[in-house]
Amino acid sequence: MLSMFNFCPSCASKKIKFEEGKVFRCPDCGFVYYHNIAAATGCIISVPQTDGAQRLVFLVRGKEPAVGKLDLPGGFVDVGEGALVGLYRELQEEIGWTPPVPDGAPLASVFTLFASFSNVYEYKNIKYNTCDMYFSVTAPGLKPEDLRLEQAEVSAVRFLKPEEIDFSQFAFESTRRAVKAYLNILD
Ligand SMILES: [Zn+2]
């Protein structure tokens, strides 16, 4: 993180400091930059089975960080978005799925927030501290062939029963904790 700015972006002083895990301050020109947390969402899509069991939809990451590891659909909330709108957009972009929302119904009536954890997302040597929010949604009848994967981001999709989930294969600790919380598995 300290290598993020070697010089003050405003006056090029080498005295720029990173403090409190989030703020860059330049003593020479007064430049201040808060590297605040980024908001991110993840979604558990639960597909009810005819026997009363459920399958959960997981992605296999197609790009770094953690390529090849298990993940949930979701991503960073964009500028100008709320968490639910960001999640709805990510589901469409990442897996080509438009969650059915009744006309006029709020997204909050479809997605249920069930957990939130902090996470650190490292990309090209920059660490982003995130606030990950996890939502669940039920998708009766959803099948793998209904999904259209974003090739650059997702290499495969897995519909897993809870007992088939390998918790050592998650890309991110916060996601692993969220899935365990959803399934009421003590961590
Ligand atoms: Zn400066």
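1. Let's start with contact range. In the protein chain, 53% of the contacts with a separation of 6 or more are between residues 24 or more positions apart. Please keep in mind throughout that this is a predicted model. Buried residues account for 24% of the 187 residues in the chain.

2. On overall layout, the chain carries 2 helices and 10 strands. Their order along the sequence is β-β-β-β-β-β-β-α-β-β-β-α. Along the principal axes, the C-alpha atoms fill a box of roughly 65 × 40 × 35 Å.

3. The chain is divided into domain 1, covering 1-36, and domain 2, covering 41-182. Taken over C-alpha atoms, the centres of the two domains are separated by 34 Å.

4. Phe5 deserves a look of its own. Phe5 sits in the segment before β1 (17-19). Is Phe5 buried, exposed or partly exposed? Phe5 counts as partly exposed, because it has 17 C-beta neighbours inside 10 Å, and a residue needs 20 or more to be called buried. Setting aside neighbours within four places in sequence, the contacts of Phe5 are Ile16 and Phe24.

5. Now the sheet built from β1, β2 and β3. These 3 strands form an open sheet in the order β1-β2-β3, with antiparallel pairing. The edges are taken by β1 and β3 (32-34), and each has a single partner strand, so one side of each has no neighbour in the sheet. Neighbouring strands here are turned against each other by 20 degrees on average, direction ignored. Between β1 and β2 (residues 23-25), the antiparallel pairing runs over 3 bridges. If you want to inspect one of them, Glu19 has Val23 of β2 as its bridge partner.

6. Next comes the largest nonpolar core, which holds 29 residues. Which residues touch the most other members? They are Cys43, Ile44, Ile45, Phe58, Leu87, Leu91 and Phe135. The elements giving two or more residues to this core are β4 (38-48), β5 (54-61), α1 (83-95), β9 (126-138) and α2 (173-182). Helix α1 provides the largest share, 5 residues. As background, nonpolar side chains tend to be buried together in soluble globular proteins.

7. Not counting residues up to four places away in sequence, Cys43 touches Leu72, Pro73, Gly74, Leu87, Leu91, Phe135 and Val137.

8. Just after the helix, Gly96 has a positive phi of about 65 degrees.

9. A few backbone details are worth checking before you use the coordinates. Most residues other than glycine have a negative phi, and most peptide bonds are trans. In the loop between β5 and β6 (70-71) we find Pro65, and a cis peptide bond joins Glu64 to Pro65, with omega about 0 degrees. The residue Ala66 is also located in the loop between β5 and β6. Although Ala66 is not a glycine, its phi is positive, at about 65 degrees. Ala66 is partly exposed, with 16 other C-beta atoms within 10 Å.

10. One further positive phi belongs to Asn184, a residue other than glycine, where the value is near 55 degrees. Asn184 lies in the segment after α2. How many C-beta neighbours does Asn184 have inside 10 Å? There are 7, and therefore Asn184 counts as exposed, the cut-off being 12 or fewer.

Terms used
Residues numbered from 1 in each chain as written. Predicted model: local features only at pLDDT ≥ 70, side-chain atom pairs only at ≥ 80, totals over all residues. Helix = DSSP H or I, 4+ residues; strand = E, 2+ residues; numbered from the N terminus. Contact = placed C-beta atoms within 7 Å. Domains from an automatic or database assignment. Core = buried A, V, L, I, M, F, W, Y, C linked by C-beta atoms within 7 Å. Pairing = 2+ DSSP bridges. Axes fitted to C-alpha atoms, helices over the stretch in contact; angles between N-to-C directions.
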